[in-house]
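Biologist: I am new to this structure. Please walk me through how to read it.

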Amino acid sequence: MNIAKKTEIAVVGAGPAGSTLAAALARMGHGVSLFEKDRFPRNKVCGEFLSPEVIHCIEELGCLQKFLALAPSEMTRTRMTTARGQELNLPLPATGYGLSRRKLDAFLFNHAKSLGVRAHDGVDVRSVEDLGGGKKVLTLRPSGSTGQSKIRASVVIIAHGRRSRLDRKLHRPFFQSRSPYVAFKRHFSVRVDREDNDLPPLVGLVELHTFRGGYCGVSYAEDEIVNVCTIFDQDLIALEQIDAERVWSFLSQGTSPLARRLSTLQARDDDSLAIAQIPLTLKERSSQNILYVGDAAGMIAPLAGDGQAMAMESALMLADLLHQELPTIPYQRWNDLWQRKYANRLR
């Protein structure tokens, strides 16, 4: 792969935060290299709900019309239920969107590349070493290869999401704590032969179904895809012996609002995905002369439905700050800015 030997700014992770940050910095005239260990397009455990704030972020990146051309589903209402059948129906304050991570992440990655970002997918950042004097070196390994290469950077920003092996190598404190939460996700389609006239149509709706030990989100993404994403406490998983395949039959049991909704859906060809150790804990925004952004800096509880918007919004904030402060790297100012914006929301 044609990877440069040095770069002004290296961004690790090309999810919504990393690609947004790289694209924004490139628009400001900075040299950016972006690295993602997976190959695009890729699936991801995620509610795939984009809250209304996302539109402002995409407008700022200059790609709103291209985003809308992806035909994301539009949502204007939310429906919350309990296992006992209680319901709350509310309008959203503005239009939210549904778009699969396969489409969204590849779209943002390619947009960053079109702006001049040296963007590489299938390249794992194995380590970050501080050389002193404001210089760092990243060790890279392309997927499917045993060989490694290195790139020097003046600024390193970690945007690899909620948890990564790199966090262990960087000795981040949160990595030492165990989390009891496990998430599962699968794509479904609406069954035309299994209508339930007592259920509201799913079009335009984002649903949150709660039950003892977890909750589940159901909403449309693009192309008639219905995304179902659920989080369980490990105690419930152990009690019911739940795994990535059995989870859907477990949630379909009984006559709860969630079970009734799932009875109107059928699984698509996508495999079920699962992740464990979801860290809903405070994290540092900088350490060892490295900056963190998006879920790597702090993950909002998925129930809030604002995680992807917060990742992109925080990336734009950091891009503006870096553009103002470089060549000084604003470690403390970034921490203060992030705290003012998000600490109460996470708490």
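Predicted model: local features only at pLDDT ≥ 70, side-chain atom pairs only at ≥ 80, totals over all residues.

Biologist: Let us begin with helix H1. How many residues does helix H1 have, and how far does it reach?

Modeller: H1 covers residues 16-27, which is twelve residues. From first C-alpha to last it reaches 16 Å. That is close to the 16 Å expected at 1.5 Å a residue.

Biologist: Is H1 mostly covered or mostly open?

Modeller: Mostly covered. Eleven of its twelve residues are buried. Among them are Pro16, Gly18, Thr20, Leu21 and Leu25.

Biologist: What covers the buried residues of H1?

Modeller: The cover includes strands and helices. Strand S1 (6-12), strand S2 (32-36) and strand S9 (149-158) take part. So do helix H2 (53-61), helix H4 (101-114) and helix H9 (307-325).

Biologist: Now the packing. How are two packed helices described?

Modeller: By the angle between their axes and the distance between the axes. Take H1 and H9. Their axes come within 8 Å and cross at roughly 30°. An angle under 35 degrees counts as roughly parallel, so H1 is roughly parallel to H9. The crossing of H1 past H9 is right-handed.

Biologist: Which residues make the contact?

Modeller: From H1, they are Pro16, Ala17, Thr20, Leu21, Ala24 and Leu25. From H9, they include Gln308, Ala311, Met312, Ala315 and Leu322. By class, the contact has twelve nonpolar residues, two polar and no charged.

Biologist: Why would residues three or four places apart point the same way?

Modeller: An α-helix has 3.6 residues a turn, so residues at that spacing point the same way. Keep that idea in mind when you look at the contact list.

Biologist: Let me zoom in on Thr20. Is Thr20 buried or exposed?

Modeller: Buried. Thr20 sits in helix H1, and its relative accessibility is 0%. The cut-off for buried is under 20%, so Thr20 counts as buried. Setting aside residues up to four places away in sequence, Thr20 touches Gly15, Leu61, Leu108, Met312, Ala315 and Leu316.

Biologist: H9 also packs with helix H10. At what angle do H9 and H10 pack?

Modeller: At about 160°, with the axes 10 Å apart. H10 covers residues 331-346. Over 145 degrees counts as roughly antiparallel, so H9 is roughly antiparallel to H10. H9 passes H10 in a right-handed crossing.

Biologist: Which residues meet there?

Modeller: On the H9 side, they include Met310, Glu313, Met317, Leu321 and Glu325. On the H10 side, they include Arg333, Trp334, Trp338, Lys341 and Arg345. This contact has nine nonpolar, two polar and five charged residues.

Biologist: Next, the peptide bonds. Which residues does a cis peptide bond join, with omega about -5°?

Modeller: Phe40 and Pro41. Pro41 lies in the loop between S2 and strand S3 (49-50). Another cis peptide bond joins Leu326 and Pro327, with omega about 15°. Pro327 is in the loop between H9 and H10.

Biologist: What about positive phi in a residue that is not a glycine?

Modeller: Glu48 is a case, with a phi of about 55°. Glu48 is in the loop between S2 and S3. At 1% relative accessibility, Glu48 counts as buried.

Modeller: Gln241 also has a positive phi of about 55° and is not a glycine. Gln241 is placed in the loop between helix H6 (234-240) and helix H7 (246-251). Its relative accessibility is 65%. Exposed means over 50%, so Gln241 counts as exposed.

Biologist: One last residue. Where is Pro279 found?

Modeller: In the loop between strand S15 (273-275) and strand S16 (286-287). Pro279 is buried, with a relative accessible area of 4%.

Biologist: Which residues is Pro279 in contact with, leaving aside its neighbours within four places in sequence?

Modeller: Arg162, Arg163, Phe174, Ser179 and Met299. Look also at Ser177. Ser177 and Pro279 are 102 residues apart along the chain, and their C-alpha atoms are separated by 8.2 Å.

Methods: Residues numbered from 1 in each chain as written. Heavy atoms only, no water. Helix = DSSP H or I, 4+ residues; strand = E, 2+ residues; numbered from the N terminus. Buried < 20%, exposed > 50% of the residue type's maximum accessible area, 1.4 Å probe, protein only. Contact = heavy atoms within 4.5 Å. Expected span 1.5 Å × (residues − 1). Axes fitted to C-alpha atoms, helices over the stretch in contact; angles between N-to-C directions. Parallel < 35°, antiparallel > 145°, perpendicular 65-115°, else oblique. Left-handed = near helix turned anticlockwise from the far one by under 90°. Nonpolar A, V, L, I, M, F, W, Y, C, P; charged D, E, K, R; others polar.
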